[in-house]
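Work through the following exercises with the sequence and the coordinates open beside you.

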Amino acid sequence: MSEDLSGLDTFPKLLLHHARVRGGRPAIREKDLGIWQTWTWKEFADEVRALACGLAEHGFKRGDHMALVCDNRPRAYAAMCAAQCLGGVPVPLYQDAIAAEMAFPIQNAAITHALAEDQEQVDKLLEILPQCPSLKHIYYDDPRGLRNYTQPQIAAYDRLLELGRESHRRDAAFLETEIAKGSGEDAAAMFFTSGTTGVPKGVVLTHHALIDRAAVAAQMEGLNERDVVLAYLPPAWIGQNIFSYAQPFATGYCICCPESAETVMTDMREIGPTYYFAPPRVLEALLTQVSIRMEDAGALKRWLYHTFMGVARRVGGAILDGRPTTLGDRLLYRVGDLVVYGPLRNVLGMSRVRVAYTAGEAIGPDLFKFYRSIGINLKQLYGSTETSVFVCIQPNGQVKPDTVGPAVKGVELRFTPERELLIRSPGLFKEYYKNPQATSEAKDPQGWFHTGDAGYVDADGHLKIIDRVKDVGKLADGTLFAPKYLENKLKFFPYVKEAVAFGHGRDRVCAFINIDMEAVGNWAEKRNLAYSGYTDLASQDAVYDLVRECVEKVNADLAEEPEIANSQIHRFLILHKELDADDEELTRTRKVRRGFIGQKYQTLVDALYGGRSSVHVEAKVRYEDGRTGTFSADLKIRDAKTFAPAAARKAA
Amino acid sequence: MRESDMTTERLHHATRAQRIGEPVLSVEGVSLAFGGVKALTEVSFDVREHEIRAIIGPNGAGKSSMLNVLNGVYHPQEGTIRLRDGTDWREFHDMDSHEAAAMGIARTFQNIALFKGMTVLDNVMTGRNLKMRCSFLEQALWLGRARREELAHRRAVEEVIDFLEIQHVRKTPVGRLPYGLQKRVELARALAAEPRLLLLDEPMAGMNLEEKQDMCRFILDVNDHYGTTIVLIEHDMGVVMDISDRVVVLDYGRKIGDGTPGEVRANQAVIDAYLGVAH
């Protein structure tokens with residue numbers, strides 16, 4: 001990182017720099033027709049130039065907004081940069097959002113141009129076109145099925161590129177001038193927050209904020225042009241954008257776009273990224289897969305796995321942190337690395353990972369330790385869309401499972417009396433678009449951003465987040481009730497996919513459970529339990545017993561923690577359906593919307609607290625194709641054993 | 001109901017890239033008997049270029065026999081099959097399967113006929129078999145020509161894989177795939193042969209609603225994108241009426257109806273055959 005990037009205060013300027021300095025190095029790769037295709041920085045810059053000129057021909061100008069409804073594709077990132085070249089603001093949208101959800105951002109940001117990946121996305125945009133008069137141009141990347149669309153708004157990406165190339169040949173100076181006009185204080189991108197509460201808000205981030213944070217974190221981890229990242233999470237999410245746009249622009253590393261969502265695992269193995277990001281959910285799914293496959297393995301392999309995972313649990317973390325261990329342990333770990341950890345890392349596609357981050361929600365300590373113990377340098381970080389991600393990062397060698405590390409260079413932290421975390425950082429957002437009220441609520445005049453997260457800084461200066469301030473509640477007897485903390489503990493069991501805990505203002509805690517279809521299904525198959533689908537499996541007594549064991553283990557754990565020992569889970573039920581973002585039960589980033597679920601399933605909550613042993617549920621089901629049907633069933637409710645708090649036991 | 005059906009039909013035609021052209025296949029007075037069992041009796045119909053032509057009928061109506069005749073598996077005792085190649089018509093009395101394949105006819109099977117132990121990629125590659133020109137020796141030695149040819153075929157196969165969205169199972173042995181995906185792999189293999197005429201034997205049989213919808217979309221896409229003429233047999237009436245341009249109805253080996261889905265639906269003989277009639 002000795003490279004001098006001062007004066008390069010916008011992404012387009014950085015792009016031109018990389019095209020000059022490392023024009024022949026790979027900027028972005030995409031797997032197309034089974035073969036990885038590489039675009040060098042020079043080729044990428046050429047594409048961006050042509051595209052920007054094309055957009056200018058189509059009336060895109062400074063301050064305009066451009067929607068990107070695409071998966072991770074080189075062309076989507078080229079379009080993002082092209083919009084920025086002209087002083088416009090790209091607005092990536094979640095490609096799995098339904099049409100109605102896209103209308104708000106488009107209206108709110110008065111979006112004029114949009115790039116859609118394929119027919120599916122074009123159809124959605126056309127559907128909402130009548131409500132979005134500002135939208136004048138829709139470009140599509142994949143022409144399949146679109147040849148006969150006659151709407152005047154629609155044009156192929158390739159056509160735009162051609163137009164741009166012509167225009168660039170005629171007048172090359174135009175674009176240089178436009179790029180030079182850009183300044184670091186200009187808006188660089190707008191991200192709509194997933195809206196855990198209320199309507200989505202468009203978070204406006206400047207070039208300066210994004211580049212500053214990207215560079216600081218890259219410097220801390222020593223990222224350079226030889227690093228490789230797999231871009232596989234939705235580009236509309238700030239995290240993916242930082243890792244696959246801001247940071248490669250700040251350091252010149254290469255990003256790789258997988259062939260499709262289903263091929264990510266294979267693609268990751270082929271690419272072998274050196275820098276990796278995964279939300280806990282993905283890491284959990286990977287571990288579940290590994291566990292299932294190990295259960296299916298032969299006796300010798302199972303024995304090897306369990307023996308050496310025991311060794312890894314004991315000393316793996318310490319070895320990774322460089323803490324002292326005995327020679328015998330180090331030798332044993334070496335052997336384990338040869339026969340278990342190495343091959344495992346290889347299967348996970350993580351053989352070359354130098355730095356891996358997880359964030360987005362709290363990660364189960366055992367899950368976290370698992371990855372670290374097999375030698376993957378997984379670390380936690382803390383941040384949000386409003387802070388350009390990087391607020392806290394765990395430095396190498398100082399990794400604790402329950403904190404998110406100390407503040408990154410340039411960040412100041414403070415707490416309100418209610419334990420709410422406040423942040424001041426160069427990476428803070430400029431504003432919520434066209435929402436001054438929300439902006440002033442979130443960012444006070446002194447420039448402190450109110451995160452809404454409750455937490456504290458521990459003795460080592462590491463930040464620890466407990467829960468959302470508004471979610472931290474109290475049981476009727478005054479015990480602290482941190483629902484997410486409980487849910488996370490439950491979710492660490494491979495059999496539990498999702499959990500929703502209730503208890504604020506009540507005398508005790510009860511919970512909804514979603515079983516993990518893959519893990520429980522496999523478990524059931526082994527026991528010759530027949531089932532016809534999720535609902536059937538979820539209602540079986542054997543599965544209830546399985547889940548009850550998990551709940552009771554959590555209760556035993558909780559009993560050891562004095563402050564929350566009373567928030568043990570007394571009763572639970574297994575939901576008849578999987579919580580789904582399409583039913584608004586999860587956010588698009590797949591976080592549980594506790595309040596909404598509590599209202600929607602009010603009768604179930606009442607039954608839990610009413611002491612009944614079953615409850616009848618009638619639900620409307622929405623299928624993926626938009627049809628609806630009704631569904632009714634009797635859900636069982638079970639009690640779970642609770643344990644006397646450790647403190648009380650000692651006293652007795 | 002009728003009116004809305006007609007509008008969707010019209011829309012479907014208006015948005016098609018390939019104009020339905022002149023007949024490319026003509027079946028004239030075909031009769032087929034197995035000993036004393038008459039499977040087909042004097043069946044005649046034609047198939048036009050770029051159209052989706054369905055053959056329907058109750059169980060045992062002779063649909064699969066008809067398809068097997070079209071692709072040279074069965075040899076009818078009477079009648080002729082004529083295929084157009086450019087402007088020339090070629091007449092067949094007893095066509096062999098390899099002749100059918102050489103004429104650009106590919107098919108899928110009702111009860112999937114893939115190589116279960118081979119990967120999806122290899123299975124689809126077998127669809128290119130007829131297009132391979134190199135000798136066994138050249139291939140074994142991996143000489144320049146064999147290599148170039150292999151690359152070209154692999155590309156064609158990858159395009160089909162991309163088209164049918166089965167990249168994620170490219171290297172998975174077919175036997176491990178769920179049924180719906182196997183059906184798609186079979187379609188992929190047929191498509192890899194770049195057929196002019198594609199015969200689909202109950203492409204939707206045994207599928208759930210979502211898989212059926214996917215399959216419909218793929219069939220329409222194949223027809224639209226490659227301009228492939230498609231003859232399909234299907235049980236699911238809803239599917240047939242939605243995606244085909246013209247429908248032949250067989251009952252007890254005889255043709256009892258022929259026309260657009262709307263016409264066939266209104267045909268009394270067809271209604272009787274499907275719903276039964278008081279004798």
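**Exercise 1.** Is Lys434(A) buried, exposed or partly exposed, and how many other C-beta atoms lie within 10 Å?

Solution. The model is a predicted one, and the count is therefore made on predicted coordinates, where a residue is buried if 20 or more other C-beta atoms lie within 10 Å of its own and exposed if 12 or fewer do. Around Lys434(A) there are 13 other C-beta atoms within 10 Å, so this residue is partly exposed. As to its place, Lys434(A) is found in the loop between strand E18 (431–432) and helix H15 (436–442) of chain A.

**Exercise 2.** Decide whether Ala454(A) counts as buried or exposed, and list its contacts beyond its neighbours within four places in sequence.

Solution. Begin with the element, which is strand E19 (residues 449–457) of chain A. Ala454(A) has 21 C-beta neighbours inside 10 Å and therefore counts as buried. Once its neighbours within four places in sequence are left aside, the contacts of Ala454(A) are Arg419(A), Glu420(A), Ile466(A), Asp467(A), Arg468(A), Val469(A) and Val472(A). For a distance across the chain, take Ile292(A), which is 162 residues away from Ala454(A) in sequence and 36 Å away in space, C-alpha to C-alpha.

**Exercise 3.** Which residues touch the most other members of the largest nonpolar core?

Solution. This core has 193 residues, and those touching the most other members are Leu68(A), Ala511(A) and Val547(A). Its largest share, 10 residues, is supplied by helix H2 (residues 41–57) of chain A. Another core, of 68 residues, lies apart from it, and among its members are Met66(B), Ala193(B), Val240(B) and Met241(B).

**Exercise 4.** Trace the six-stranded open sheet of chain B and explain why one side of strand E6 and of strand E10 is left without a neighbour.

Solution. The strand order is E6-E7-E8-E3-E9-E10 (chain B), with mixed pairing. Strand E6 (105–108) and strand E10 (254–259) of chain B stand at the edges, and because each has a single partner strand, one side of each is left without a neighbour in the sheet. Neighbouring strands of this sheet are turned by 15° against each other on average, direction ignored. Further in, strand E7 (residues 197–201) and strand E8 (residues 229–233) of chain B pair in the parallel sense over five bridges, and the bridge partner of Asp201(B) in E8(B) is Ile233(B). Helix H11 (residues 268–275) of chain B packs on the sheet, where it touches strand E9 (246–251) and E10 of chain B, and its direction makes about 125° with that of E10(B).

**Exercise 5.** How many residues of helix H2 (residues 63–70) of chain B are buried?

Solution. Seven of the eight residues of H2(B) are buried, so that the helix is mostly covered. Among the buried ones are Lys63(B), Met66(B), Asn68(B) and Leu70(B). Just after H2(B), Gly72(B) takes a positive phi of about 80°.

**Exercise 6.** Which element of chain B has the lowest mean pLDDT, and which the highest?

Solution. Start from the chain as a whole, for which the mean pLDDT is 85 and 92% of residues reach 70 or more. Among the elements of chain B, helix H1 (residues 2–14) has the lowest mean pLDDT (40), and helix H4 (residues 120–126) has the highest (94). Over residues 1–14 of chain B the pLDDT is below 50, and beyond near neighbours in sequence this stretch has four contacts in the model. Where pLDDT is low, the predicted coordinates should not be read in detail.

Notes:
Residues numbered from 1 in each chain as written. Chains lettered and ligands numbered in written order. Predicted model: local features only at pLDDT ≥ 70, side-chain atom pairs only at ≥ 80, totals over all residues. Pairing = 2+ DSSP bridges. Helix = DSSP H or I, 4+ residues; strand = E, 2+ residues; numbered from the N terminus. Axes fitted to C-alpha atoms, helices over the stretch in contact; angles between N-to-C directions. Contact = placed C-beta atoms within 7 Å. Core = buried A, V, L, I, M, F, W, Y, C linked by C-beta atoms within 7 Å. pLDDT = per-residue confidence, 0-100.
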